[in-house]
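Me: I have a protein model to read. Please walk me through a few of its features.

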Amino acid sequence: MRSDGALRVRNRTRDLELGDRVTVADTFWTRLRGMLGRPEPVPGEGLLIKPCKAVHMYGMRYPLDILFIDEGHRIEAAYPALPPGSRSKVHKRARFALELPAGTIERTQTREGDRLEWITRI
């Protein structure tokens, strides 16, 4: 994950924060590793993977909420509590995947079609 600062990610549609310590995986190695081998994220933490059209949970020890986001920052697909050992479908229009602690989607009532925004924390 990049060390040049975390992102703050908001659901603009619902005016709710999804995470204020979301790191970015945008190199081959950081995308390949993802959350593998990391402690389970707590509320506020997450990982934005770009580019990304699908994820797998092979080797993971805990579930994650996954959001696939298109170029316009609209949620293309949502996977609440995707369990270890599973995988998502391929989402051809997706540009990003946002991995969040399980329960975030339900707690924030985030849905497909919602628009997200993210800014770099200073």
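Me: What volume does the largest pocket have?

Reply: About 310 Å³ in this predicted model. A pocket is an open set of points on a 1 Å grid over the protein atoms alone, with protein on both sides within 12 Å along at least five of seven lines. Its volume is the space filled by probe spheres set on the points.

Me: Which residues line the largest pocket closest to its centre?

Reply: Lining residues have an atom within 4 Å of a point. Of the 18 here, Arg31, Leu32, Ile49, Val55 and His56 are closest to the centre. Helix H1, residues 28-33, gives the most, with 4 residues. Helices are DSSP runs (H or I, at least four residues), and strands are too (E, at least two).

Me: Which residues touch the most other members of the largest nonpolar core?

Reply: In soluble globular proteins, nonpolar side chains tend to be buried together. A nonpolar core joins buried Ala, Val, Leu, Ile, Met, Phe, Trp, Tyr and Cys residues through side-chain atoms within 4.5 Å. Buried means under 20% relative accessible area, exposed over 50%, partly exposed in between (1.4 Å probe, protein chains only). Here the core has 17 residues, and Val55, Leu64, Ile66 and Phe68 touch the most other members.

Me: Where is Pro51?

Reply: Most peptide bonds are trans. The bond from Lys50 to Pro51 is cis, with omega near -10°. Pro51 sits in the loop between S3 and S4.

Conventions
Residues numbered from 1 in each chain as written. Predicted model: local features only at pLDDT ≥ 70, side-chain atom pairs only at ≥ 80, totals over all residues. Heavy atoms only, no water. 1 Å grid on protein atoms, 1.4 Å probe; cavity = no way out; pocket = protein on both sides within 12 Å on 5 of 7 lines; lining within 4 Å.
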